[in-house]
Amino acid sequence: MEFFSTRDASLRVSAAKAISQGLSFEGGLFAPVEIPKLTDAEIDSLCAMTYPQRAAYVIGKYLTDFSEEELTNFANAAYHQDKFSSSAIAPVRKLNDTANILELWHGPTSAFKDMALQILPYLLTASMRKCGETKTACILVATSGDTGKAALEGFADVEGTKIAVFYPKDGVSRVQELQMTTQSGNNVYVSSVIGNFDHVQSKMKEIFADEELRAEVAKSNTFFSSANSINWGRAVPQIAYYVSGYCDLINSGEIAKGEQFNVCVPTGNFGNILAAYYAREMGIPIAKLICASNRNNVLADFFKTGKYDKQREFYTTTSPAMDILVSSNLERLLFHLSGNDDATIKKYMAKLASDGAYTVNAEIFAKLNDLFYGGFCDDADTMETISKTFSEYNYLVDTHTAVGINVYNQYVAETGDVKKTLIASTASPFKFADSVLAALGVDLEIDGCELLEILSKTTGVKIPAPLASLAGKEERFVNTLEREQIIDRIMEFVCNSRD
Ligand SMILES: *Cc1c(COP(=O)(O)O)cnc(C)c1O
């Protein structure tokens, strides 16, 4: 299996190269030349497997330059019972007659990012070995909150790597901030940045595209790599949980083998829902992909009109991981839907950069309409959904998952489609304890760890162990940077010899 770039389809690299490099040098994203299919017999055997076995199998379909033994070892280490609070790793929970929740937040940082970032360090360091790469990988992460902590947790003290994480100063919850600023490890750096997530993300993209800087860090025997969802090594493990969710729906009798179901995903950078698209292309019988956005509804508008227009006000919401105006992974989807037409994608991305908007052609738009439903809700609706879901089903959800449930309900009301639906639950409610408590009518002036106790007492739900242990940890990183200072700070971090 080879990978090409969404902006240069003549390029061909191995999976190991795609993962160790992260982003293609001309700015494109690596995408598989062919999407592998799963046969009926393969589905049968996947249904009988454990989560780590399913993950190793699905990942192996794409990473053909890795051995079965390697991937099995990586998956066993990444999806280990010691690190996940559910033995099913990504359990499916029935909510009502049609909705099932795919709980993706049982990992060490209580958000779905762990599903990919627990295994990425293994994939990345193995990719580097396969490519004969002896330099240190300096992982640069722009985060709207959850990726940063999950990447830090995955890469802390991993030989041959360093990791620097940047988050928007007022764009993350206090619990998320504490998770990052208390991170241990000798190869980690964390800083907040003045600005919003898009500002931080575009700065990172700029750094990756800067040839001079690349030459400069090479002198320190280092290269930049990415743990953001633009890295194929992030995308591919996410496909596995949709395959796993399908198997679980069959195993529990919710659907028959081959029966169509919908998938609904609270979406920001489009990585999670893109994984569901790949699962669909592999033959998982997914009917509609329901893309749920918050008040930053650029995707919902895009699916309605075919025009992607980032020129709009940016809102800070109670679902901060979805406060995004430029959804990077959409580029991979459009590339595939265009028939891998790199020239068209290059044109759209150039227009996005110059005019802040582009409109897809009629052919792509028709395919988008067929595959996707886009919807959004605001903070007030999100709050109401949290409160209703708790009172009706005694099920506590976080703000992001609530956006998914709300948009799913809108979809059903609009279409009358009552096919079974798998809704991705992307974070533990405790990560956003302040908003969740407010939704339940408990509005307090305090913030941080005490809220976790109060939420637990109010709802009778247990605090996830990694969050419970935050109280009393020392904050190691309390610096805030202007955007212009990021490069200098990274260079300092790169050039400092390691402990
Ligand atoms: C990252 C994140 C999202 C958005 O996922 P994308 O892959 O960026 O679309 C949604 N919810 C939570 C809790 C997240 O951490």
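**Ground rules.** Residues are numbered from 1 along each chain as its sequence is written, and side-chain values use heavy atoms, leaving out hydrogens and water. As the model is predicted, local features need pLDDT of at least 70 and side-chain atom pairs count only at pLDDT 80 or more, while totals for chains, interfaces and linings use all residues.

**H3 on H11.** I started with helix H3 (residues 51-62) and helix H11 (residues 232-251), which pack at about 130° with axes 8 Å apart. Helices here are DSSP runs (H or I, at least four residues), numbered from the N terminus. Axes are lines fitted to C-alpha atoms over the stretch in contact, and angles run from 0 to 180 degrees between N-to-C directions. H3 and H11 are therefore oblique to each other. The crossing is right-handed, meaning the near helix is turned clockwise from the far one by less than a right angle. I then looked up the contacts (heavy atoms within 4.5 Å). H3 brings residues including Tyr51, Val58 and Tyr62, and H11 brings Trp232, Tyr241 and Asn251 among them. The residues of this contact split into 13 nonpolar, two polar and two charged. Nonpolar is Ala, Val, Leu, Ile, Met, Phe, Trp, Tyr, Cys and Pro; charged is Asp, Glu, Lys and Arg; the others, Gly among them, are polar.

**H2 on H3.** Helix H2 (residues 40-47) packs on H3 at about 150°, axes 10 Å apart. That makes H2 roughly antiparallel to H3. Glu42, Leu46 and Cys47 in H2 meet Arg54, Tyr57, Val58 and Lys61 in H3. I get four nonpolar, no polar and three charged residues in the contact of H2 with H3.

**H12 and H14.** The axes of helix H12 (residues 271-281) and helix H14 (residues 330-337) come within 9 Å and cross at roughly 30°. That makes H12 roughly parallel to H14. Leu274, Tyr277 and Tyr278 in H12 meet Arg332, Leu333, His336 and Leu337 in H14.

**Ligand.** Which residues come nearest the ligand? Of the 15 around it, I noted Lys113, Asp146, Gly268, Asn269 and Thr426; being around it takes a heavy atom within 4 Å. For polar contacts I used pairs of N or O atoms within 3.5 Å. A ligand nitrogen atom is 2.8 Å from an N or O atom in the side chain of Thr426. A ligand oxygen atom is 3.1 Å from a polar backbone atom of Phe270, and an oxygen atom of the ligand is 2.9 Å from a polar backbone atom of Asn272.

Notes
Helix = DSSP H or I, 4+ residues; strand = E, 2+ residues; numbered from the N terminus. Parallel < 35°, antiparallel > 145°, perpendicular 65-115°, else oblique. Polar contact = N/O pair within 3.5 Å; in protein donor to acceptor, adjacent residues only side chain to side chain.
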